[in-house]
Amino acid sequence: ARRHIIILPAGQSPGQKVVLITGCSSGIGLRIAVMLAKDEQKRYHVIATMRDLKRKDKLVEAAGDAYGKTLSLAVLDVCSDESVKQCIDGIKDRHVDILINNAGIGLVGPLESIPIEEMKKVFETNFFGVIRMIKEVMPDMKKRRGGHIIVVSSVMGLQGVVFNDVYAASKFAMEGFCESLAVQLLKFNVTLSMIEPGPVHTEFEAKMIQDVRQKEYPGADPDTIHYFKNVYLPSSVDIFEVLGQTPDDIARVSTVHCASSPRFRNMTNPWYTPIVALKYADETGGLSVHAFYHMLFNLGPLMHISMTAMKYLTCGCLRSRTISPT
Ligand SMILES: NC(=O)c1ccc[n+]([C@@H]2O[C@H](COP(=O)([O-])OP(=O)(O)OC[C@H]3O[C@@H](n4cnc5c(N)ncnc54)[C@H](OP(=O)(O)O)[C@@H]3O)[C@@H](O)[C@H]2O)c1
């Protein structure tokens, strides 16, 4: 028997918006759920979902008193049609005011060593998972002429990053999908917006590092493995350390989003604005490809030194700089 339905909204008061969030067992989803559930004006009833309720403890602890009042839990696996439908069916009148598509998985490494099945899992979660959710709640939002859909994308949905080929592709796909759908939804007074974080310190980063340690990369040649492990990875770790934001930084942007009319695209980390601007500055695309090549292969050691210097000089204050969504 499926452990299911807990919903809804135990303590929902009139006027409160129902917010459904995917992937709340950790990281950004967890912090968005807690921040919205603890809203001082109690504007939201949060349905925090996760695919396995055994992983609920961190969320329940962080939610404190809000759990059972402004926060309910539900099972939801974005990769399963049945799970998505059961969850939405379990909500009173299937009414969701704000859907936050946060669940996602990463994939990094030399392309030659990644089985197609693993790549499909990334698209199944990051791309089709979001579409599955939107298809389930959108018709009702359109009927009601109101609603808000938020998608947690990534700066990698705007600018590809070496050795993140498939992950970036899944987020690019999402950007194209949302850009197209947003126009139609506007006609129905439904808002669609995207949040594009840079690096964020969550289990995402930890899973990537653990994964890299365990893997042997069969099928990739020694040079490629060398570039991946000894050139790309140290730079990536440096960048996470110096520029990485906290899940709370991203949650704050999302919270403001829920309360106001947001912009369509929202990068959270100002350090990535010039990087993304590079591609729009040169329509041939050559400028960004060569700039990234130069940065990684020619300036790698220099970048490490500058990043280390920045880390000590700024005492981490770079990490918490967040672009205001307003
Ligand atoms: N961290 C970063 O640097 C970063 C940067 C840019 C964008 N993002 C995006 O931010 C979002 C959240 O990531 P995070 O950094 O908070 O990572 P995280 O801590 O690993 O959280 C990801 C969440 O997604 C859930 N999830 C994975 N597959 C799922 C599925 N099939 N159904 C339902 N939930 C599923 C995970 O649940 P389980 O506990 O069951 O695995 C987990 O709760 C992702 O979309 C990611 O692409 C992250």
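Visitor: Which residues does Gly29 touch, not counting those up to four places away in sequence?
Guide: This is a predicted model. In it, Gly29 touches Ile21, Thr22, Gly23, Cys24, Asn102 and Ala103, leaving out residues up to four places away in sequence.

Visitor: Where is Gly29 found?
Guide: Gly29 is in helix 1.

Visitor: Buried or exposed, and why does Gly29 count that way?
Guide: Gly29 counts as buried because it has 28 C-beta neighbours inside 10 Å, and 20 or more within that distance is what the label takes.

Visitor: How many residues apart in sequence are Gly29 and Thr49, and what is the C-alpha to C-alpha figure?
Guide: Gly29 and Thr49 are 20 residues apart in sequence. In space they are 9.0 Å apart, C-alpha to C-alpha.

Visitor: On to the ligand. Which residues come nearest?
Guide: Gly23, Gly27, Ala103, Gly104 and Phe204 come nearest, out of 30 residues around the ligand. Helix 1 (27-37), helix 4 and helix 6 (203-214) are the elements that each give two or more residues to that shell.

Visitor: Which helix gives the most to the shell?
Guide: Helix 6 does, with 4 residues.

Visitor: And how do the shell residues divide into nonpolar, polar and charged?
Guide: The shell around the ligand has 11 nonpolar, 12 polar and 7 charged residues.

Visitor: Which residue does the UniProt annotation "binding site" cover?
Guide: The UniProt record, an unreviewed entry, puts "binding site" on Ser154. Ser154 lies in the loop between strand 5 (147-152) and helix 5 (165-187).

Visitor: Is Ser154 buried or exposed?
Guide: Ser154 counts as buried, because 29 C-beta neighbours fall inside 10 Å. Leaving out residues up to four places away in sequence, Ser154 touches Lys171, Glu196 and Pro197.

Visitor: Change of topic. At what angle do helix 3 and helix 4 cross?
Guide: The axes of helix 3 (residues 81-89) and helix 4 (residues 116-144) cross at roughly 35 degrees and come within 10 Å. The crossing is right-handed.

Visitor: Which residues meet there?
Guide: From helix 3, Asp81, Val84, Lys85 and Ile88 meet Arg132, Met133, Glu136 and Val137 of helix 4. The residues of this contact are 4 nonpolar, no polar and 4 charged.

Visitor: Last one, the whole chain. How many helices and strands?
Guide: There are 11 helices and 7 strands. Of the 326 residues in the chain, 37% are buried. Among contacts with a separation of 6 or more, 80% are between residues 24 or more positions apart.

Methods
Residues are numbered from 1 along each chain as its sequence is written. This is a predicted model: local features need pLDDT of at least 70, side-chain atom pairs count only at pLDDT 80 or more; totals for chains, interfaces and linings use all residues. A residue is buried if 20 or more other C-beta atoms lie within 10 Å of its own, exposed if 12 or fewer, and partly exposed in between; C-beta atoms are placed from the backbone. Two residues are in contact if their C-beta atoms, placed from the backbone, lie within 7 Å. Axes are lines fitted to C-alpha atoms, for helices over the stretch in contact, and angles run from 0 to 180 degrees between N-to-C directions. A crossing is left-handed if the near helix is turned anticlockwise from the far one by less than a right angle, and right-handed if clockwise. Ala, Val, Leu, Ile, Met, Phe, Trp, Tyr, Cys and Pro count as nonpolar, Asp, Glu, Lys and Arg as charged, and the others, Gly among them, as polar. A residue is near a molecule or strand if its C-beta atom, placed from the backbone, lies within 6 Å of it. UniProt positions are given in the numbering used here, feature names are shortened, and annotations may be inferred rather than shown by experiment.
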